[in-house]
Structure formats: structure tokens, C-alpha cells
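Work through the exercises below with the sequence and the coordinates at hand. A solution follows each task.

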Amino acid sequence: MKNLSSAWIAALNARQIVPRLFVMLGLAEGPYGSGPYGFWTDIGEVTTGGITYRGTGKSLSASSTVGVGDLSIPGLQLTLSGIDTDVMDTFFQEDWHQKNVTVSIGLLSPANRNLVDTPDVYFDGVLDTATLSEKSGDKATLSVNCEDSSVRMTRAFHNVRGDSDQRDRDPTDAFMKGVAVAHQKVISWGQPTPPGFGSAQSSYSGPQHGQMGGIWGSIANRVGGRG
Amino acid sequence: MAVTFPLSIPSWLKGWARCEFDIDKNVEIAPTGGGDLAFDMGNDLWIVDYQTVRLQPDQVEDFRSWLKLLEDGLQTFWGYNVRRPYTKAYPNGFSGLTKAGGGAFTGSLSVTAVNSDNKTLSLGGLPANFTVDAGTGIAWDYNGTARAYHQFAETQVSNSLGNIAAIEVRPFVRGGYSLPISANISQAMAKLCLVPKSKSFAGEPRGAGSFSFQAMQTVSP
């Protein structure tokens with residue numbers, strides 16, 4: 001569950017809500033680009049979290065994020081419209097691909113139009129694809145598709161949850177040492193332990209019941225090793 | 001000669017049939033069981049509805065050329081609220097008035113403080129006992145050539161020293177200024193640009209007619 005600060009909760013409870021979007025593009029720094037760049041959907045500049053956000057008014061919009069039940073991870077589209085084509089082109093002079101992007105919601109106080117607290121991040125991802133569309137005699141529209149950082153969880157890696165990979169990380173970490181045989185373990189619920197249990201039916205050559213450390217040993221002792 | 005922007009309204013134009021200065025608010029109300037929820041999604045920029053008086057055929061072409069220079073929103077011009085260019089007591093200007101501290105009052109004044117609520121100003125450099133009316137505009141430059149334009153939201157009278165301790169304005173004052181602010185209430189001008197595709201021409205037989213268009217404030221330098 002999302003934790004909101006007391007300032008946020010107070011602002012929401014006041015029922016007069018002045019929300020603004022804050023978009024931070026983590027463009028490359030140094031000789032490769034301009035560095036982090038921020039936009040917000042109001043006028044003028046505001047600095048928060050060390051980033052100065054430039055006002056875009058209504059020119060900037062973000063598609064809504066939706067919750068899905070099929071384990072897919074939807075992205076988000078940012079659109080910057082009504083800007084001169086020459087200005088839009090400067091985006092493509094940056095090293096932007098696969099750079100970080102965050103979209104946050106900030107609340108302004110209705111009393112003084114200052115931020116009530118640091119904007120709350122609701123999308124964290126990377127810049128994936130960008131298209132610039134323009135029509136003759138009209139201004140340009142820049143659309144950027146962003147990929148949620150959660151997509152990383154769907155990628156396959158060569159590492160597995162096994163003892164050797166765990167030892168690669170830390171040679172003294174034996175947490176996974178019983179994983180290789182855990183799936184072969186016969187667990188006889190509510191009946192005497194079969195003869196030969198733990199040796200004939202298992203190819204496990206490491207420590208037997210009682211010798212296993214940690215949670216594995218504990219499980220073995222409880223479910224059959226000591227009958 | 002090169003044209004410089006922002007443009008001024010053509011001096012030959014005899015007036016406006018319509019000039020409505022208003023803030024482009026965008027508030028949504030969501031009624032709920034626990035009370036209404038109000039969402040303010042707007043940017044509080046000024047938007048102005050203009051309609052020229054009836055123009056003669058030559059004037060029509062002159063004005064059309066002026067509009068062309070504005071390139072449908074890419075270029076800017078200065079606009080003020082013709083319904084309240086000064087104050088109620090001095091509808092034709094401040095000629096002959098003297099500041100409380102001495103010297104002629106031309107409409108220039110000093111904003112000596114901006115309250116932490118970003119909407120209450122302290123003013124100085126006014127004539128003594130001078131009435132500043134709700135609806136009168138005040139403008140100043142900040143961040144280089146960006147132009148702030150606000151209107152007083154209440155009427156206040158200056159003291160014998162020509163100061164007003166607190167007077168509210170709308171919209172809220174944005175950051176980027178340095179105190180004291182040199183401001184102006186004499187035909188206070190906002191920097192405007194055309195709203196694209198908003199202009200239209202109502203023509204009459206024999207070529208006369210009037211233009212209508214919308215303009216929007218810009219706070220770009």
C-alpha cells in the first residue's frame with residue numbers, strides 16, 4: 001500500500017486539490033547530453049528534489065496507468081504538443097534511449113500555490129521509443145513511449161536459484177544448498193516413515209536429516225527424517 | 001525596417017467592440033457523499049476575447065497584415081484591459097498626479113513585498129489617499145523579459161505616505177521576481193499571443209467588416 005505523507009493526506013482531506021504532473025527525463029550527462037530534465041504541467045519553473053521543472057502548461061500530457069490482471073506490465077505514453085518543430089528536434093540530439101523517466105504527481109496548496117510536499121512518483125521506467133509528428137502549417141507533437149521498470153522482472157537471466165549461483169554471490173552463503181534435492185524429497189504425511197526413506201529414494205549425497213542447517217534441516221526433522 | 005516583438009496594437013485602431021480579459025480557469029467539481037471535491041487543473045493564464053470595431057476596407061487589409069505578423073500564435077503582442085486601463089477615478093490617465101514622496105505619478109509604483117500566500121502585495125510609490133480599484137491591472141517584468149500581469153482583487157486606499165500595506169491580486173504571483181519590483185498600473189500590458197485558428201472575419205458588402213480573435217497570455221521571456 002502506498003504511504004502518503006501527512007502533508008499529502010491533509011491536502012487531500014481539504015478536498016480542494018490542485019494536482020500537477022511532474023516528468024523527469026534522466027537524459028545523459030556530460031559530453032553526451034544535457035543531464036536530467038524536468039517538465040511540469042503549470043507555468044514557470046519550480047525546483048524540487050534537486051531538479052528544476054520547466055512549465056509546459058497544457059502542452060504536456062501522460063496517458064493513464066492501469067492495473068491489469070494478466071501479469072503484463074503496461075507502459076505509459078508522454079505527449080508534448082504545440083511546440084515548434086525546431087524545438088522538438090532538440091530532443092533527438094540527446095542520448096535519451098533507455099534513459100530513466102519518472103512521472104510524479106505533485107499537489108499545490110490552494111492557499112498559496114506552493115508544493116505541499118515532494119511530488120509522489122507513480123511511474124518509474126525508461127524511455128523506449130519516441131516519434132515526432134508534424135503537419136504542414138501546424139506545430140509538432142512529440143510522443144514518447146515509456147517502459148515500466150518492472151519489465152525487468154519478466155526478463156530471463158542465466159542465474160538460477162541454486163546453491164552454485166548463491167555461492168557465486170557469497171561463498172559462505174549456504175541458504176540454497178538443499179534446493180537441488182528438495183523436490184525429490186518424499187514427505188509422508190500422517191503415516192510411518194517408509195523403510196529406506198532418505199537414502200534409497202534420494203540421490204542426495206550431502207548431509208542427511210539433522211545435519212542440514214537452517215530451514216531445510218528444520219523441515220526434514222519435522223516431516224519425516226526422525227519419524 | 002525589421003519588426004520587433006511583442007507588437008503593439010496598431011495606433012490607428014479606433015477601439016474594440018469587445019475586449020474581455022479573464023483568467024482561463026479549469027476547475028472540476030466532483031460531488032461526493034463526504035462533500036464536494038474540487039480539482040483545479042488550470043494554469044491561471046489570461047485569455048482575451050477581442051473584436052475590432054467596424055473597419056473600413058483599407059483598414060481591414062492593414063489589420064489583416066498586423067494579424068499575419070503574429071503568425072497564428074508564434075509571435076507576441078502587448079494587450080491591456082481597455083475596460084479598466086487605469087483606475088475608476090482616473091479613467092483617462094494619471095496626468096497631474098503627484099506621488100506622496102514627491103515627483104509626478106505616471107502609474108509606476110513599487111511592489112515592496114509579496115506575502116507568503118503569493119497573492120497579497122505591499123505597494124509603495126503611490127500618491128497619498130489614492131484609490132486602487134479591484135479590476136485594475138498591474139504588470140512587471142521578471143526573469144529577463146518575462147511579463148507578469150495580475151489584476152487587483154480588492155479595492156484599497158493608500159495612506160499619507162503613498163503605501164498600501166496589503167492588497168490581493170489574482171492570479172497568484174509566480175516565482176522569479178526580485179524585491180522591490182518595479183511595476184506599472186497605467187495601461188498595464190500583458191504579453192499575449194494568438195490562440196491558433198481563433199481569428200475570424202465578419203465581412204460586409206463593399207469590403208468593410210470586423211475581426212474577432214482570441215489571445216492568450218504567455219510568460220515566456
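**Exercise 1. Strands across the chains**

Task: Find how strand β1 of chain A and strand β3 of chain B run, and how many bridges join them.

Solution. Step one: strand β1 (residues 16–26) of chain A and strand β3 (residues 37–40) of chain B run parallel and are joined by two bridges. Strands are DSSP runs of E with at least two residues, helices are runs of H or I with at least four, and both are numbered from the N terminus. Two strands pair if DSSP finds at least two bridges between them. Step two: A:Gln16 has B:Ala38 in β3(B) as its bridge partner.

The model is predicted, with local features needing pLDDT of at least 70 and side-chain atom pairs counting only at pLDDT 80 or more, while totals for chains, interfaces and linings use all residues. Residues are numbered from 1 along each chain as its sequence is written, chains are lettered from A and ligands numbered from 1 in the order in which they are written, and side-chain values use heavy atoms, with hydrogens and water left out.

**Exercise 2. The interface**

Task: Describe the contact of chain A and chain B by residues, area and polar pairs.

Solution. Step one: chain A gives 18 residues to the contact and chain B gives 24 residues, where contact means heavy atoms within 4.5 Å. Step two: the two chains bury about 1,700 Å² between them, and 47% of it is on carbon and sulfur atoms. Buried area is the accessible area (1.4 Å probe) lost by two parts on being put together, summed over both. On the side of chain A, the most area is lost by A:Arg15, A:Ile43 and A:Arg113, together 38% of what that side buries.

Step three: there are three salt bridges across the interface, a salt bridge being a side-chain nitrogen of Lys or Arg within 4 Å of a carboxyl oxygen of Asp or Glu. One of them joins the side chains of A:Lys58 and B:Asp24 at 3.0 Å, N to O.

**Exercise 3. A loop serine**

Task: Where does A:Ser149 lie, and which residues does A:Ser149 touch?

Solution. Step one: A:Ser149 is in the loop between β9 (140–148) and α3 (163–169) of chain A. Step two: not counting residues up to four places away in sequence, A:Ser149 touches A:Asp124 and A:Gly125. Step three: a polar atom of the A:Ser149 side chain lies 2.9 Å from the backbone oxygen of A:Asp124.

Key:
Polar contact = N/O pair within 3.5 Å; in protein donor to acceptor, adjacent residues only side chain to side chain.
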